[in-house]
Every structure is written in structure tokens, then in C-alpha cells.
Amino acid sequence: MAKELLKGNIAIAEAAVRAGVNAYFGYPITPQTELLEWMAVRMPELGRAFVQAESELGAINMVYGAACTGARVLSSSSSPGVSLMLEGISYIAGTEVPVVMVDVMRGGPGLGNIAPAQADYNQIVHGGGHGDYHPIVLAPANIQEAIDLTYSAFDLAEKYRSIVIILADGSLGQMMEPAELPPMKPVIMRQPEWATYGAEGRERRFLSSIYLDPPEEEEANFRFERRWQEIKANEVQFKEYFMEDAKYAVVAFGTSGRIALSAVRNARAKGIPVGLFRPVSLAPFPEKELAAMAEKMESLLVVEMNAGQMLDDVMNITARRTPINFYGRMGGVVPMPEEIEAEIEELTKGNISNETHPRDRWLAHMGKMN
Amino acid sequence: MSEYTVEEQVVYDRPDSLSSIQNHYCPGCTHGTAHRLVAEVIDEMNEKSNTIGVASVGCSVFAYNYFDFDFVQAPHGRAPAMATGVKRVLPNRIVMTYQGDGDLASIGMGEIVAAAARGENITVIFVNNANYGMTGGQMAPTTLPGQRTSSSPTGRDVETNGFPIRTAEMLATLDGAGYVVRRSLHDPKHVRQAKKAIRLAFETQRQGLGFSMVELLSICPTNWGKTPLQALHWLEENMIPYYPLGDYKVHPALSQKI
């Protein structure tokens, strides 16, 4: 199939349609609304289920119900809406039913604004809902990657009976760029051995997140953790750019990673030996790969559109052995490549030490700037 | 001893759709009656293997153990949304929620109103016992004015706590509602009427006539601090005047069945 000019939100929606999604439930919220609007047209014309719910609470619980039948189900929202969905996400995780979610992040906290941000990292990667659970979190940096990750997300969710969250942001949702859509898969109603779709010809089943007996709940928690170890061993995804001879590395995901790549290219043109390490799966995080890479670097620069939420993970994983600088923009402000390029040049001065926290140094530095 | 034969005839048995296990309901609680009526109707309609239930949070949280058909268990108040998800991907199945008044009329008011407004083709069994049973008898949206509960210890003061919600009347105003009625479980005559209403509610769904709900006035002897018999009298004398029994919405296509 040829490349077409596609808007991110629509590309993600159509990728899910072509992956054979049986049902979509959502609620309008900027900057993800085009995703819902696309589904409002596509799902009924294909004879599949679409409901614009009364709220994100309604939407996520419709997703929960439909997923219990074994159907392929999708929902999408943006940061404040996702906050509202976290109750349902915890229940879905506790019930072990596969679901695919899209979070097109915007500026916050609170109502914030509708500009791109990455401040849902902790809310999504480290849970957000109550209890011990781990969604698989995939962060695309361009529209083709958003399509490819969404297209394969349903198989991944079903393989592990897990939640898969596509973590995008307002920039990826709203931008248009050329990308190729995958072929249409047949839509089928699956009847997995755990699903509740009517007990014709078999023992009846029930699906719940209740384990009233604490030892049973603990056993379920051990099951979740062991499955997570399996996911960590098999499903790590990341991309490296200009890393072969790099002495310095930028670590950034999603849109930050995309902008950082421009900065890295510019720095390379000036002869600076810098590369980019871009985690694609934020959960499971490419821990071993990052740690091994960091060992070889003189210093790292972590770039995010938040106050350093992934930075904390990077510092843990590298055990603070490699000096790290942090550069973040917040509240819907997107960094320019030149800003990151200047930060890369800081790395080359060789005076970075982890004796003070990178976030403290960043705050002091930003204080001078603003 | 002289020999004689007795011809045995089973006149009362457990419905197939009711599991053969002990339930956790308090002695005298009318949840058991409501469960049995639903199970009898599902059996009579031969829908046991075609039904998916959605349990709620509250005393009926374990309903999925007591009904012998497929079940899922919803977060507090969200059963109508979950049932919507099930029904939209399996439109030929019978989908029911079983909810109490705290679940349906307080935390889940958004979901129930939206499901009824959409004309969601599901059946809701709504057990109204005028308090939160599971957590130990706190004030519910349905608690009567002046009624003492553990969180309205001097009686519900409408000046500060507002007024009880008549859910059936409210939902009946929505065009998506196909069958919305209120019945009571306080004596055998009313129990029979309740069963007939439950049958009509599931018939509404089977015929695709929209949202159906049967509100069942029920007792909570433990939390009301009454014997079961006192509680049944209290329901009749206090709840029925505030929550009149009746048919609030009946789809015209159902009228010949009444």
C-alpha cells in the first residue's frame, strides 16, 4: 500500500480498525477527539460496535464489559480523561482481560491545556490506579510508528491478557505526515477459554477482580508479577540513532525523542559525537540496554516534556554511575531542537557531576532562563 | 406396620439458574427472594446459557456466585456501562445487571441514566432497601426522611441531606426506557407480581424494546434493627407510601402481555 498524508489520531484509529477491533467506546476530549470521530464513522459502516459514552468512567467500563466477552476493544482519551479511567483500568488489570487504550497527553495538572505534554508518564507507566499491576506502555515518536504499534497492540494484549497503552501526545495526535496503513485483518468474535459470552455447551464462568481471601489475592498478585517478568524478558522495544561511536547520549521518548533526534543531527553536523537512545516500550522499560549503553557514555542528557518523570527511572537504572543532565519543558510547552542542541553542547564541557540532583540543576538553570 | 405407598411430586425446587451453594445474605433478607425470581424467569424463558449477568458492589457483590450462568463483576455503580459493553458486542445475548440502591442511585446515577437514555437493551434488577447494606447500614439516596441510619443517627434531615430519589419515576421520563416499574417483596401476593414484572422486563429486552428496569422494594432487617417480620411491616407502612408501586413506563408493544 502507498503512503498517504495522515493525521495521527485518525491513523491510530484506522490502524485499530484494520487490526480487527470489534468495539470502540470513548468520550470527546481534545487533543484526541478525531480518533473518536473517525470511529463514529468507521465502526458503524463496518457493522462493529461504537458508543460515545456519557463520561470516561462510562467508556472504560463499557470497554471492561466488552473485553470480558473476548472481543477486541479500544478506547482513547487524553490526560484528565485518563485520570478518570484509572479506576476501570485497575479493575481490568485485576480481572486479566486484554484491552488497548490510547492516551494522547496534554498539559496539566488539572484541566491544564490542550497542548502536547508527557506528564502522564508516571500515571501510565507506574500504574496510577490502585494495586500492583503493570500495563504494557508503548510510546511512538512518529505516525508510522503509532500505526505499527497500534496494529500489533491487540495481539500483544491478548498474548498476556494485559492492558496495552499507546502513550502519544497532542503533537502526534494532531500532526499530519506521510505514513502507510497496514492491510485489513478479518474481524472475528474470539471466544477465549476464559471469556464470558454465554455458557452454551460449557460450564458457566465469571470474571471478577475480587479475591476476598488475602492468600488468594496474593497468589493472583504473584501471577501478575510473574507474567510481568515474562513481558519484561520478551517485549522490550527501543531505537538507537548515531550510537555506534557516541560519547554522549540523549535519552528521550515520543515527541521529545523526535525533537531530540533533530538536535542530535545538528550536533553531529558540528562534529559532536552524540547519539539518541529512544525507549519505545516505556513499560517494560529497556533497562538492561540503557544500563549497558550508559556504561559506555561520558554523560547522558534526559529530555522530557515534564519535570523529569522518566529521569527518575533513568537514574535508578544507571545507578547514577554516569553523569546525567536533565532538560524538561512543561505545561504544554514543546522544546525547540536548538534548546536541546545547547544542552548537548553543555555535555561536551565535561563538568557534569551527579553529586547534585539533575533536577535541581535543571531548576536552577531554568530559573536563570525565565 | 401396614404397607402403603406415597406418590411423591416435587412442587418446589431450586431453579437451574440458581447455584447450589449457600449464600451470605442475612436471615430474612429479600435478596434471596429477588435472586430466586430472576432465576425462575431465566429458566422459564430458557435463556440460562444465553444470559450474561453483571454484578455490582454492595450486598449483591457476590451475585455472580449465586446465579448459574456467565457473570462479570463491575466497579461500584458502573454495572450499566459494563452491561452496555457486553450487549453491544453480543446483541443476541440477554444481559442483566443486579444492583442495590447505593450502587445504582448514588455512585452509579450517571451510568444508569445514560444507559436508560440510550435505550440500552439491557435489564436492570434494582433492589431498593433504603440503606447501604454491605457497609453496615449508612444513609443511601433512597433513605426515607427521618429514617435513622448509622450515618444519619438522628434521622435523615432533608434540610442538610436532601430528599430521597424516586428512581423508577425519574428513569421513566426517558424516551429510551421501554419498561420501568416498581414492585415490592413484602408479601406473597407482591412477590408474584414482582416475578411477573421481571418476566416482562426480560421480554422487553428479548424483543429489543429498549431499557428495562424493575425496582424491588426490599428489607434489610439487620441494619434496620428489626426482625424480618417487623421489617416487612415497616416496608409496607413506610416505603410504599413514599415509593408507590406501579408501572411507570410500559412500551406499547408490551401492553397485550400485561
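A residue is buried if 20 or more other C-beta atoms lie within 10 Å of its own, exposed if 12 or fewer, and partly exposed in between, with C-beta atoms placed from the backbone. The model is predicted: local features need pLDDT of at least 70, side-chain atom pairs count only at pLDDT 80 or more, and totals for chains, interfaces and linings use all residues. Residues are numbered from 1 along each chain as its sequence is written, while chains are lettered from A and ligands numbered from 1 in the order in which they are written.

**View 1. B:Ile94 is a buried residue in a strand of chain B.** B:Ile94 counts as buried because it has 22 C-beta neighbours inside 10 Å. The residue lies in strand β3 (residues 94-100) of chain B. Strands here are DSSP runs of E, at least two residues long; helices are runs of H or I, at least four residues long; both are numbered from the N terminus. Setting aside residues up to four places away in sequence, B:Ile94 touches B:Glu47, B:Asn50, B:Thr51, B:Phe202, B:Gln205 and B:Arg206. Two residues are in contact if their C-beta atoms, placed from the backbone, lie within 7 Å. B:Gly53 is 41 residues from B:Ile94 along the chain, with 8.3 Å between the two C-alpha atoms.

**View 2. Chain B as a whole has 10 helices and 7 strands.** Its C-alpha trace spans about 70 × 50 × 35 Å along the principal axes. The radius of gyration of chain B is 18 Å, which agrees with a compact globule, because 258 residues would give a value near 18 Å. That radius is taken over C-alpha atoms, and the globule rule is 2.2 Å times the number of residues to the power 0.38. Buried residues make up 55% of the 258 residues. Of the contacts in chain B with a separation of 6 or more, 67% join residues 24 or more positions apart.

**View 3. Chain B meets chain A through 28 residues of its own and 33 of chain A.** On the chain B side, two or more residues come from each of β1 (51-55), β2 (70-73), α3 (79-89) and α5 (109-117). The largest share, 8 residues, comes from α3(B). By class, this side has 15 nonpolar, 7 polar and 6 charged residues. Ala, Val, Leu, Ile, Met, Phe, Trp, Tyr, Cys and Pro count as nonpolar, Asp, Glu, Lys and Arg as charged, and the others, Gly among them, as polar.

**View 4. A strand of chain A runs parallel to a strand of chain B.** Strand β9 (residues 206-207) of chain A is joined to β2(B) by 2 bridges. Two strands pair if DSSP finds at least two bridges between them. A:Phe206 stands opposite B:Phe71 in β2(B).

**View 5. An open sheet of 5 strands in chain A has mixed pairing.** The strand order is β10-β12-β11-β14-β15. At the edges are β10 (238-241) and β15 (324-328), each pairing on one side only. Neighbouring strands are turned by 20° against each other on average, direction ignored. Strand β14 (residues 299-304) pairs with β15(A) in the parallel sense over 5 bridges. A:Glu304 stands opposite A:Gly328 in β15(A). Helix α9 (residues 254-269) lies across β10, β11 (248-251), β12 (274-279) and β14 of chain A, at about 170° to β12(A). Axes are lines fitted to C-alpha atoms, for helices over the stretch in contact, and angles run from 0 to 180 degrees between N-to-C directions.
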